[in-house]
Amino acid sequence: MTEKRLLELTGDAEQNSTFDLPCREVLARGQKDIVVLGPFTEIEDEVAAVHQGYWD
């Protein structure tokens with residue numbers, strides 16, 4: 001799921017210091033080439049479901 005979608009779920013929860021920076025940008029500054037696959041919109045609801053109620 002995207003960081004923006006995760007932020008929608010977590011809101012301002014103190015446990016999650018979410019920020020708006022795609023993982024591709026973070027990994028691009030590393031020493032190794034890492035290929036990021038996704039986000040996979042067809043399973044986003046399933047992935048988001050595990051967060052429901054946790055961040056309240």
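Glu-44 forms a salt bridge with Arg-5, the closest N and O atoms being 2.9 Å apart; a salt bridge is here a side-chain nitrogen of Lys or Arg within 4 Å of a carboxyl oxygen of Asp or Glu. The pair connects distant parts of the chain, as Glu-44 belongs to helix α3 and Arg-5 to helix α1, 39 residues apart. Helices are DSSP runs of H or I with at least four residues, numbered from the N terminus. The structure is a predicted model, in which local features need pLDDT of at least 70 and side-chain atom pairs count only at pLDDT 80 or more, whereas totals for chains, interfaces and linings use all residues. Residues are numbered from 1 along each chain as its sequence is written, and side-chain values use heavy atoms, with hydrogens and water left out.

Two salt bridges are found in a search of the whole structure. Arg-5 also forms a salt bridge with Glu-8, with 3.2 Å between the closest N and O atoms. Both of these residues lie in helix α1 (residues 3-10), three residues apart, about one turn of the helix. Glu-8, by contrast, is exposed at 60%. These classes are set at under 20% relative accessible area for buried and over 50% for exposed, with partly exposed in between (1.4 Å probe, protein chains only).

Helix α3 (residues 44-49) also contains Asp-45, which is exposed with a relative accessible area of 62%. Val-47 lies in helix α3 too and is partly exposed, at 31%. Together with Met-1, Val-35, Leu-37, Phe-40 and Ile-43, Val-47 makes a nonpolar surface patch of about 550 Å². Such patches join nonpolar side chains (Val, Leu, Ile, Met, Phe, Trp, Tyr) within 5 Å, from residues with over 30% relative accessible area and no salt bridge; the areas come from the Shrake-Rupley method with a 1.4 Å probe.

The loop between α2 (23-28) and α3 holds Pro-39, and the peptide bond from Gly-38 to Pro-39 is cis, with omega near 5°. Gly-38 and Pro-39 are among the residues lining the largest pocket, which also include Met-1, Phe-19, Leu-21 and Arg-24. A pocket is an open set of points on a 1 Å grid where a 1.4 Å probe fits, with protein on both sides within 12 Å along at least five of seven lines, and lining residues have an atom within 4 Å of a point.

Key:
Helices (H or I, at least four residues) and strands (E, at least two) are DSSP runs, numbered from the N terminus. Patches are made of residues with over 30% relative accessible area and no salt bridge: like charges are joined within 9 Å, nonpolar side chains (Val, Leu, Ile, Met, Phe, Trp, Tyr) within 5 Å.
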